[in-house]
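These are my notebook entries on one structure. I set down what I looked up and the terms that I used.

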Amino acid sequence: MVNPETPLHPLTAFQQNMLMIAMIAMGAGMSINFVVVAPLTRKAGLGEVEVAGVLTLSTLLYAFMIPQWGRIADRVGRKRVMVFSLFAMGLTNMAFLFTLQAALAGALAGTSLMFLLIFARLWFGLLSPGLQPASMAAMTDATTPQNRAAGLGMLGAGMSIGSILGPAGAAVLAPIGALAPIWGSIVFCLLVGVLIAFTLPKTVPRDRNFVRPKPLAMTDPRVRPHLLFLLSYFIGVGMVQQTLAWFIEDRYRLSETEGGNGAQAAVLYTGIAFACMAVATIAVQFGYISRMKPDPRRLLPIGLAMVCLGYLAADAFHAFPILCLSFLVVGTGSALAIPSANALGSLAVTREEQGSAAALMSAAPPAGFIFGPLIGAGLYQIDHALPLIASAALVGGLAVYAWFVIGRKVVAAE
């Protein structure tokens, strides 16, 4: 029999960090499109809802294929699936980039452009989702029940950091060219794929006596409230991330002030805003959360309130430096809120089930990005400020719930 206090397939600290870096690459490769694609597809002639529809379809397929790829990883090996997924993300993003480049050059337009973009993104949704279940399964096998939640939480944090670092990297690469950030994410994914291939050990056949804990169902009453909570939060985040580049381009009239480089300027300005959010998120995550390990029940309402106030300030104050400060507040709030919400979901179950709970919580971001971008694009067509206001209202409502419901549990515990 396998001792439950001993990892099934141990990984060194360096190898576990490589899993986190792979998740950062995945998050960056997925989120970079919200900064670059939104203004460039508008320049190519597509409307806001059409652009959101392209990204939403691929996200829907991505979420559907995650469990399928988890089963494939169990059969053919986690390392192989991780490497394949990173290369698939890089190559499908490259196909998407070439299609967009042809549209900007005038070679594609209208319906043909729309279908080719959908075709490229559907291959992304079909081939690239394997990294998430494969890396989580590898981390589960490399940890014990005592440190499993922390290990899986590190992967979730990597995905969140990558989703912010990707757009932030656009601020660095946008001066080279409007499409340079996508090239950067492609190179990053391919490079990390090579590193994973050389640094992770070969998949070891599973011990016949090992019994993997039964996965938790989404309807489990212990985790369902936390899952719905995170889903609602990421719907709000998706509304803002989809429309922020358009908001900045229209508010500051970049298409007029920058001549023919309005789309490139929108990528740069949006990247700067996300860079502010990334700096705050990383500083708080590693400078405070990881070191101090504060009570997540106290931090959750505070973090959500900061995200709400940041969105409201971004709309209320016109000056671009104030908008950047607003997203600095959003980044600080998200660094407090997301790990707290994930931790509360894991703590709602027994120690043996914490790994399954963490894996289930990780489904919330892609699920939220199925609905959020499309809702945000629809609201943006009505009024440019509506996505920020609606997201602030949604996150503010979650903050009130966290304060009165979860905060009451803190008082009861004391």
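**Entry 1. Cores**

I began with a definition: a nonpolar core is a set of buried Ala, Val, Leu, Ile, Met, Phe, Trp, Tyr and Cys residues joined through side-chain atoms within 4.5 Å. Buried means under 20% relative accessible area, exposed means over 50%, and partly exposed lies in between (1.4 Å probe, protein chains only). I noted that the model is predicted, that local features need pLDDT of at least 70 and side-chain atom pairs pLDDT 80 or more, while totals for chains, interfaces and linings use all residues. Residues are numbered from 1 along each chain as its sequence is written, and side-chain values use heavy atoms, with hydrogens and water left out.

I looked up the largest nonpolar core, which has 85 residues; Y233, L304, Y311, L323 and F327 touch the most other members. Helix α8 (residues 224–251) gives this core its largest share, twelve residues. Helices (H or I, at least four residues) and strands (E, at least two) are DSSP runs, numbered from the N terminus.

I then listed the contacts of F327, where contact means heavy atoms within 4.5 Å. Not counting residues up to four places away in sequence, F327 touches V240, L244, A273, C276, M277, Y311 and A314.

**Entry 2. The whole chain**

I recorded 15 helices and zero strands. Of the 414 residues in the chain, 55% are buried. Among contacts between residues at least 6 apart in sequence, 86% join residues at least 24 apart.

**Entry 3. Rings**

How many aromatic pairs does the structure hold? I found ten. Rings of Phe, Tyr and Trp (its six-membered ring) pair if their centres lie within 6.5 Å; planes under 30 degrees apart count as stacked, over 60 as edge-to-face and the rest as tilted.

I examined F98 and W183: their ring centres are 5.8 Å apart and their planes stand at 70°, so the pair is edge-to-face. Because F98 lies in helix α3 (residues 78–104) and W183 in helix α7 (residues 180–199), the pair ties together parts that are 85 residues apart in sequence. F98 is partly exposed at 41% relative accessibility, and W183 is partly exposed at 34%. Elsewhere, ring pairs link Y252, Y269 and F320 into a cluster.

I also checked R121. A charge sits over a ring if NZ of Lys or CZ of Arg is within 6 Å of the ring centre and within 35 degrees of the ring normal. The charged end of R121 sits over the ring of F96, 5.6 Å from its centre. R121 also lies over the face of F124, at 4.2 Å from the ring centre.

**Entry 4. Helix α14 and its contacts**

I traced helix α14 (residues 364–382), whose 19 residues reach 27 Å from first C-alpha to last. That is close to the expected 27 Å, the expected span being 1.5 Å times one less than the number of residues. The helix α14 bends by about 30° at I370, and P373, a proline, follows within four residues. A bend is the angle between axes fitted to the seven residues ending at a residue and the seven starting there. Among the buried residues of α14 are F369, I370 and P373.

Leaving aside neighbours within four places in sequence, Q242 is in contact with F34, A38, V51, A52, L55 and P373.

I ended with V49, in helix α2 (residues 48–76). The C-alpha atoms of V49 and G378 are separated by 6.1 Å, though these residues are 329 apart along the chain.
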